[in-house]
Structures are given as C-alpha cells and as structure tokens.
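Reader: I am new to this structure and would like to learn how to read a few of its features, one at a time. Could you take me through them slowly, giving the general idea before the particular case?

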Amino acid sequence: MPYELDHVGIAVRDLEASIGFYQNVLGGKLIDRYRSEAKGVESEIAIMEVNGSRIELLNPTNNETSPIARFIRQKGKGVHHIAYHVHDLEKALEDLKERGIRTLPDSLRVNKHGRRLVYLNPADTDGTIIEYCDYPEQQEEH
C-alpha cells in the first residue's frame with residue numbers, strides 16, 4: 001500500500017505567534033482555522049500551507065484534558081505527529097492488525113474536512129505519533 005506524507009502536526013502554546021511565524025518567515029498561507037472540542041482533540045487548529053506542504057498548528061483549548069496540553073507538559077512544544085495519506089483506511093487498518101501494530105483507542109474519527117483518521121500507538125512506532133488518514137469524499141470524485 002502506498003503511503004505519502006499528508007501533513008505534520010505541531011503542538012504550540014501561542015497560536016497567533018505560530019501563525020505569524022509561518023506566514024511572515026516561511027511565506028505560508030492560512031488555509032483554515034477552527035476549534036474542535038471533540039474528545040481526543042480539544043484544540044484550536046490552524047492549517048497552514050507552505051510551498052505545497054501542509055502543517056497543522058495545534059493549540060490546546062483545555063489544559064486539563066486535551067491530549068495536546070498533555071503532550072506539551074510532557075515533551076514541550078514542537079512536532080506532535082506525522083500524518084500519512086493512505087488510499088484506503090480500512091485496508092491500512094487491516095494491514096496494521098496483521099503486523100501487530102495497535103492504534104490508539106477512540107482515535108478513529110472524521111474531521112471537519114471529511115478526512116478519516118486514526119493514530120497509531122506510539123509504543124509500536126518507536127515513540128512517534130503517526131496518523132493514517134484518507135479522504136473518502138475526494139476518492140469518489142476521481
């Protein structure tokens with residue numbers, strides 16, 4: 001199954017300053033900005049595009065329960081996850097199961113852009129949070 005880099009998620013403490021950096025220093029463009037209070041997200045998210053690459057800036061909205069807040073407390077701000085686009089998320093999940101790779105419980109969801117996603121268990125990925133995602137609505141269009 002082919003995998004390609006979809007985006008990099010970055011945990012930030014100051015969303016405005018981070019957006020400014022990506023716009024003013026890297027020439028990025030703000031594609032979208034939204035707030036998600038869904039369990040396992042609880043963040044304000046800014047999607048930046050820099051020369052054709054996507055970056056998600058993740059700022060926790062609840063310092064007690066947000067996984068992003070927990071990540072910042074434990075590891076500091078910086079790269080939170082790397083997302084890979086897979087052609088078919090169901091097939092990718094079957095492949096992971098066959099290989100003995102676990103996903104994080106309750107992380108399977110659809111975001112506001114129609115992207116289906118799941119996080120792999122970092123215990124099985126040498127500590128890196130990896131997201132698998134697909135875009136079923138876009139697949140139907142092609």
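Reader: How do the residues of the lining of the second largest pocket divide into nonpolar, polar and charged?

Author: Please keep in mind throughout that this is a predicted model. The general idea is that rolling a probe the size of a water molecule over the atoms shows where empty space is left. In this case, the lining of the second largest pocket is made up of 3 nonpolar, 4 polar and 5 charged residues.

Reader: What is the volume of the largest pocket, and which residues are the closest to its centre?

Author: The volume of the largest pocket is about 700 Å³, and of the 34 residues lining it, those closest to the centre are G40, P67, H80, R109 and Y119. Two or more lining residues come from each of β2 (29-36), β3 (43-50), β4 (53-60), α2 (67-75), β5 (78-86), β6 (109-110) and β7 (116-119).

Reader: How many aromatic pairs does the structure hold, and how should I read one of them?

Author: A pair of aromatic rings is described by the distance of the centres and the angle of the planes. This structure holds 2 aromatic pairs. In one of them, the ring centres of Y3 and Y132 are 5.3 Å apart and the planes stand at 40 degrees, so this pair is tilted. It joins distant parts of the chain, with Y3 in strand β1 and Y132 in strand β8, 129 residues apart.

Reader: Which of these residues, Y3 or Y132, is buried and which is partly exposed?

Author: Y132 is buried, because its relative accessible area is 9% and the cut-off for buried is under 20%, whereas Y3, with a relative accessible area of 36%, is partly exposed. As for the rings of F21 and Y22, their centres lie 5.4 Å apart and their planes meet at 85 degrees, so that pair is edge-to-face. Here F21 is partly exposed, with a relative accessible area of 39%, while Y22 is buried, with a relative accessible area of 12%.

Reader: Where is N121 found, and is N121 buried or exposed?

Author: N121 is found in the loop between β7 and β8 (130-134), and because its relative accessibility is 15%, N121 counts as buried. Leaving aside residues up to four places away in sequence, N121 touches R102, T103 and L104.

Reader: Is R99 buried or exposed, and with which side chain does the side chain of R99 make a polar contact?

Author: R99, which is found in helix α3 (residues 89-99), is exposed, with a relative accessible area of 61%. The side chain of R99 makes a polar contact with the side chain of D95, at 2.9 Å. A separation can also be read in two ways: R99 and N63 are 36 residues apart in sequence and 35 Å apart in space, taken from C-alpha to C-alpha.

Notes
Residues are numbered from 1 along each chain as its sequence is written. This is a predicted model: local features need pLDDT of at least 70, side-chain atom pairs count only at pLDDT 80 or more; totals for chains, interfaces and linings use all residues. Side-chain values use heavy atoms; hydrogens and water are left out. On a 1 Å grid over the protein atoms alone, a cavity is a set of points where a 1.4 Å probe fits but cannot get out, and a pocket is an open set with protein on both sides within 12 Å along at least five of seven lines; lining residues have an atom within 4 Å of a point. Grid points are joined across faces, edges and corners, and a volume is the space filled by probe spheres set on the points. Helices (H or I, at least four residues) and strands (E, at least two) are DSSP runs, numbered from the N terminus. Ala, Val, Leu, Ile, Met, Phe, Trp, Tyr, Cys and Pro count as nonpolar, Asp, Glu, Lys and Arg as charged, and the others, Gly among them, as polar. Buried means under 20% relative accessible area, exposed over 50%, partly exposed in between (1.4 Å probe, protein chains only). Contact means heavy atoms within 4.5 Å. A polar contact is a pair of N or O atoms within 3.5 Å; within protein, one must be able to donate a hydrogen and the other to accept it, and residues adjacent in sequence count only if both atoms are side-chain atoms. Rings of Phe, Tyr and Trp (its six-membered ring) pair if their centres lie within 6.5 Å; planes under 30 degrees apart count as stacked, over 60 as edge-to-face and the rest as tilted.
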